[in-house]
Amino acid sequence: MKNLTNKSIKVAVVGTGGWGKNHVRVLNDLGVLTAVCDSDQGRIDALSKKFKINSYLSIDTLLEKEIDLNACLVCTPTKTHFKVAREIIKHKINVFVEKPLSFSSVECIELTNLSKENNVILTSGYIERFNPVVQDLKQIIDDNRYGELLMMEFHRENRMPLHIKDVGIIYDTSVHDIDTALFIFNSKPNVVFARAGKKFHNSEDFATIMLGFPKNKVAIIASNWITPKKVRRFSAVCSEGTITGDFITQEIRIDDENQTIIPRRKFKEPLTLELENFIKAVSGNITKFLVTPEDATAVTRIAEAALISSNTGNPVYLSL
Ligand SMILES: NC(=O)c1ccc[n+]([C@@H]2O[C@H](COP(=O)([O-])OP(=O)(O)OC[C@H]3O[C@@H](n4cnc5c(N)ncnc54)[C@H](O)[C@@H]3O)[C@@H](O)[C@H]2O)c1
């Protein structure tokens with residue numbers, strides 16, 4: 001792939017709702033935003049006026065008119081990801097699909113194969129990998145600074161409005177922590193057990209998932225759309241100390257037998273780091289943290305297993 005500078009890169013955002021508009025803002029800051037596409041006329045009119053870019057009501061028109069796009073971001077509801085991403089890849093355009101890559105692992109595999117056939121980048125929005133607090137944790141664990149990592153626990157909670165209709169909390173929210181657990185353990189679980197239920201939404205809105213890794217290591221992922229206060233925390237228990245962190249404040253705290261350490265570091269917006277990384281990959285530069293389509297497929301397979309487990313009451317054994 002030839003190296004490009006930001007100035008020569010053209011990126012379109014498909015889906016400019018609650019989250020997509022953040023991609024629009026950051027891509028504009030990075031100097032690569034070329035067009036937006038959304039089936040909602042009001043949304044694209046406002047963005048096209050604000051950022052002075054082209055706008056389209058359908059993906060077909062976008063792909064027909066913008067013939068020199070280098071990449072597209074897909075930020076439409078989860079159950080539309082497959083159809084939209086497939087069209088983009090068929091046009092030989094690099095694509096970043098918001099998480100989860102697709103609702104179905106069969107569709108994830110089809111997109112992966114298609115991206116390889118068409119020689120384009122396919123990645124998915126597992127943004128927490130780019131959160132400085134997760135990068136710090138990864139470094140500590142990989143360096144074995146506090147011994148062996150044995151257990152992880154995640155809490156991702158807050159009262160959510162009813163607007164997410166196509167999927168429940170496992171596909172929408174728990175997937176972030178599933179991906180982070182796989183990233184930090186650098187391994188795949190061989191068993192998934194979950195309990196989930198619904199209180200206010202159409203689909204499940206609270207879930208606790210247990211991922212069993214080799215050698216009895218474990219990750220507990222607790223998510224809900226009930227807690228009135230926003231909580232985004234993790235803890236990692238190592239043989240010689242514990243590391244706790246907050247995804248929102250990006251603060252990390254380390255406790256060992258002798259002391260507590262709270263390292264200081266500048267706050268960085270994970271979305272900017274994530275999109276800079278994607279643009280670097282599109283430019284032909286090697287990237288360190290790019291989420292592979294295989295990583296994203298594994299997360300969807302685990303989400304599928306969690307849903308089956310919570311529906312049947314049984315553990316689901318996997319070989320990933
Ligand atoms: N990485 C993160 O932290 C994060 C956070 C929030 C949402 N997301 C993901 O972003 C995606 C969108 O979530 P949202 O909360 O912004 O949803 P949303 O409903 O607010 O916005 C979706 C937008 O897509 C448009 N749309 C739907 N189908 C379309 C199509 N076929 N072509 C063009 N436009 C279409 C809708 O008109 C709407 O404007 C989801 O996959 C979600 O999981 C990721």
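A residue is taken here as buried if 20 or more other C-beta atoms lie within 10 Å of its own. By that criterion, the buried residues of helix H1 are Gly 20, His 23, Val 24, Val 26 and Leu 27. The model in which they lie is a predicted one.

These buried residues of H1 pack against strand S1 (11-14), strand S2 (33-37), helix H2 (41-51), strand S4 (71-74) and helix H8 (270-283). H1 is followed by Gly 31, whose phi is positive, near 80°.

The chain as a whole can now be considered. Nine helices and 15 strands make up its secondary structure. The C-alpha trace spans about 60 × 45 × 40 Å along its principal axes, and 45% of the 320 residues count as buried. Among contacts with a separation of 6 or more, 66% are accounted for by residues 24 or more positions apart.

The domain assignment divides the chain into domain 1 (6-125) and domain 2 (128-271 + 300-317). Their centres, taken over C-alpha atoms, are separated by 27 Å. Twelve residues from domain 1 and ten residues from domain 2 take part in the contact. On the side of domain 1 that touches domain 2, helix H1 (20-29) and helix H5 (105-117) each supply at least two residues. By class, this side of domain 1 has six nonpolar, four polar and two charged residues.

A ligand is also present, and 24 residues surround it; Gly 15, Gly 17, Gly 18, Trp 19 and Glu 98 are the closest. The shell around the ligand comprises eight nonpolar, ten polar and six charged residues.

Strands of a sheet pair through backbone hydrogen bonds, in either the parallel or the antiparallel sense. In this model nine strands form an open sheet with mixed pairing, in the order S14-S13-S12-S11-S7-S10-S9-S8-S15. Strand S14 (260-261) and strand S15 (316-317) are the edge strands, each pairing on one side only. Strand S7 (residues 149-157) pairs with strand S11 (residues 231-238) in the antiparallel sense over eight bridges, and Met 152 has Ala 236 in S11 as its bridge partner. S7 also runs parallel to strand S10 (residues 218-224), to which seven bridges join it; here the bridge partner of Arg 156 is Ser 223 in S10. S10 in turn pairs with strand S9 (residues 206-212) in the antiparallel sense over seven bridges, with Thr 208 opposite Ala 222 in S10.

Lys 99 and Pro 100 are joined by a cis peptide bond, with omega about -15°. Pro 100 lies in the loop between strand S5 (94-97) and H5. Lys 52, although not a glycine, has a positive phi of about 55°. Lys 52 is situated in the loop between H2 and strand S3 (54-56). Is Lys 52 buried or exposed? Lys 52 is exposed, because 9 other C-beta atoms lie within 10 Å, and a residue counts as exposed at 12 or fewer. Asn 144, another residue other than glycine, likewise has a positive phi, near 55°. Asn 144 is found in the loop between helix H6 (132-142) and S7. With 12 other C-beta atoms within 10 Å, Asn 144 is therefore exposed.

Note on methods:
Residues numbered from 1 in each chain as written. Predicted model: local features only at pLDDT ≥ 70, side-chain atom pairs only at ≥ 80, totals over all residues. Domains from an automatic or database assignment. Contact = placed C-beta atoms within 7 Å. Helix = DSSP H or I, 4+ residues; strand = E, 2+ residues; numbered from the N terminus. Nonpolar A, V, L, I, M, F, W, Y, C, P; charged D, E, K, R; others polar. Near = placed C-beta within 6 Å. Pairing = 2+ DSSP bridges.
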